[in-house]
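Here is a short tour for anyone meeting this model for the first time. Have the sequence and the 3D view open as you read.

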Amino acid sequence: MTAAWFVAATELSEVGHEAREVAWERTPLGPPETWPMSLRHTVEMCWSTRFPVMLVWGPDLTLIYNDGYRDILGEVKHRAGALGAPAAEVWAELWDQVGPLFDQVLQTGEPTWTEDMVLDFDRSGFVEEGVFTFSYSPLKDDDGNIAGLLDISAETTQQVRAARRLAILDELHVATGAHVESVEALGTAVVKVLDPSVDVARAAFYVRADSRLDLLTETSACARPDVERDLVSDAVRTGQSGVSGATVVTPLHGGRQGVVGVLVLEASPRMPLDDEYRRFLSVVGATVGSGLRNTLAQREVVAVLRERANRLEREAARERATSLALQQAVLSTPPEPDHLRLAVRYQPAADDLKIGGDWYDAFVTRDGATVLVIGDVVGHDLYAAVTMSQIRGLVRAIAYDHDGTPADVLRRVDDAVQGLSLGVDALSTVIVARIEQASDEHEVRTLRWSSAGHPPPVVVRADGGVEMLWRRNDLPLGLGSGRPRTDHTIEITPGDTFMLYTDGLVEQRQAALPERLEELTHALAGSHERDLEHLADAVLARMVPTAADDDIAIVAVRAGAEHGAPDVASAPADDDVQVECRLDAEMASVATARHWVRERAVERGAPAGTLAALELATSELVTNAVRHAVSTRAVALRFRGEGETIRVEVRDRDTAGPQPRSGRAGLPGGHGLHIVERVSRAWGWHPVAGGGKVVWATFGW
């Protein structure tokens, strides 16, 4: 082969280099130097792009393709001499499906468009499923006659599989949540969901009856019943999942009852049995196991719940709507005053998705001062939330329009509480802090605060020193006006951090308050090296690593600009591991997120049960961000590990908080946060400075 144009056209392509060795003179196309200009231009385009492109030319539809298309074709066909061969021979097993499309283009001259077409073909030594979106376009020779066809393709196999598998998990969540009558009812529902799935070649559900295991239901007969029986027996004996070839066996635990069932899943021979496929089957088993545990726990109370459901539904709906409205109103994004950085956090009590009496606030007053407020109304219910909203509004309005000290603000609020007859329900602890405006980031500022019965503030100096600001603590609001209130003053220099918090951060049933306050100072020691957002997260993770007994609110401010703040992806401290992965806001990112989080967790030695829960929760959190955060173009996934605790965070630019709701059979989504709550130790969310929010969940073993 000596054609100069052909040498130039193939220079940048691996397949092009191999094309130089093809005996083109033995094909209907003849040697390249005889090819018409129209074919030459198309071939040059084919080998100059990395996007998958294939073309056929001449009466035998002789095949030419580039590097990108070789991955679609597969090494088996490529090494067998597909380059320069007739298309009908190369795609013999698919010709009944794609051949008519070729004929349509060649005869009519009109292009085709095919989206997510499923094709079964041999490209890796076995017949496997592939999904493709492609377009066939006519190619004309130098005389204007149709002489060939151009194929521009994109393989969508992974995206289609990911969406399909997520839909199966969604259906399993609904099925396991809806069938609480018995283990048998749940098993029948699970197998019914898995029966039509192309991702599960066979599913079988065994239930324990006395001392034996009986096959309850299956999607098809087992090809190796003796082998399966042995695997099932081993799962019951060890209580551990097992894998044999393409078969995954998951024991289903019933708490004190031990193993009460076994789920057997067999992978499809039409898909590569890779790690991701095995993980999917393991997650299916974990999902069913979680549903079974809930079934056994709920069987004893389901009758009572049914009797109460109708009566409580309307009341609960009104309370949820009101709580959500109040939450959206009070959890505002903090301002961005000159030369100050602010961070806020709100974490609801673990046993309640509603807001209570805790709140934070931060705003700039009419005269340019920055005001921080933290407060806690006695109680944790809808009434406490309503009262909290009233007190917050009074503090905000008076402090904004009044240039007096924080003690003056609290005195006026006390007067308003009495004058408006808010009564003893308005009993609350509050701190109001005021930071004077500064002309530049290097100026020392005066910070004044007054405390109405609230836990003491804490300051982290720029050199890392921590000081608990023990000062006179005046009476809480709501005990009567006219009582004296005191201002306290400190100076904050650039790099100093001043933090307010509610008692949920430091109060625990099993520990004395002085010990917890001392632990807080230890948690903040050295935190001057963290940026303010990381500091707030680290304090929450250290002080409340598991489910919280009470709501927690935090507001923190740092003076001066943050120079040299550590990058999100590289901010380890002590044994803390913290990394971040940025994802496009599309459903295809969900599988990437699960795989990425699992790898991080495996590196930390997380056991199989934690891995399954972690993957499931990550899938739901990222799916929610992609589906509902309409203003988001990208999603930030953050992984944190410390000891035997893992925290996963998903950040997007949408400001609306997550809204847990019950899913409905046949519809995707709607119950993801309930799943996260079920499989994690704790979860929550908070807005972030500059817009957006973070939704997080913690896990441990």
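Is strand 10 (residues 259-266) largely enclosed by the rest of the structure or left open, and why? Seven of its eight residues are buried, so strand 10 is largely enclosed by the rest of the structure. Buried here means under 20% relative accessible area, while exposed means over 50% and partly exposed covers what is in between, using a 1.4 Å probe and protein chains only. Strands (E, at least two residues) and helices (H or I, at least four) are DSSP runs, numbered from the N terminus.

Strand 10 pairs with strand 6 (residues 202-209) in the antiparallel sense, over six bridges; two strands pair if DSSP finds at least two bridges between them. Look for Phe-205, whose bridge partner in strand 10 is Leu-263. Strand 9 (residues 247-253) also runs antiparallel to strand 10, and seven bridges join the two. Here Leu-252 stands opposite Gly-261 of strand 10. Strands 9 and 10 make a hairpin with five residues between them, and Gly-255 in the turn has a positive phi of about 65°.

## What kind of model this is

This is a predicted model, in which local features need pLDDT of at least 70 and side-chain atom pairs count only at pLDDT 80 or more, whereas totals for chains, interfaces and linings use all residues. Residues are numbered from 1 along each chain as its sequence is written, and side-chain values use heavy atoms, with hydrogens and water left out.

## The chain as a whole

Let's step back a bit. The protein chain has 19 helices and 25 strands, and 52% of its 701 residues count as buried. Take the contacts (heavy atoms within 4.5 Å) in the chain with a separation of 6 or more: 64% of them are between residues 24 or more positions apart.

The chain exposes about 30800 Å², with carbon and sulfur atoms supplying 50% of it. Accessible areas like this come from the Shrake-Rupley method with a 1.4 Å probe, and for residues only the protein chains shown count as cover.

## Aromatic rings

The structure holds 13 aromatic pairs. In Phe-6 and Trp-47, the ring centres are 5.5 Å apart and the planes are at 85°, so this pair is edge-to-face. It links distant parts of the chain: Phe-6 is in helix 1 (residues 4-9) and Trp-47 is in the loop between helix 3 and strand 1 (53-57), 41 residues apart. Phe-6 is buried at 0% relative accessible area, and Trp-47 is buried at 3%.

Trp-24 and Trp-35 form another edge-to-face pair, with 5.3 Å from centre to centre and 90° between the planes. Both Trp-24 and Trp-35 are buried. Trp-5, Phe-6, Trp-24, Trp-35 and Trp-47 form one aromatic cluster. As for the rule, rings of Phe, Tyr and Trp (its six-membered ring) pair if their centres lie within 6.5 Å; planes under 30 degrees apart count as stacked, over 60 as edge-to-face and the rest as tilted.

## Charges over rings

The charged end of Arg-165 sits over the ring of Phe-280, 5.0 Å from the ring centre. Arg-647 lies over the face of Trp-696, at 4.4 Å from the centre of that ring. To count, NZ of Lys or CZ of Arg must be within 6 Å of the ring centre and within 35 degrees of the ring normal.

## A stop at Ser-38

Finally, find Ser-38 in helix 3 (residues 37-46). Ser-38 counts as buried, at 14% relative accessibility. Leaving aside neighbours within four places in sequence, Ser-38 is in contact with Trp-57, Lys-140, Asp-141 and Asp-142.
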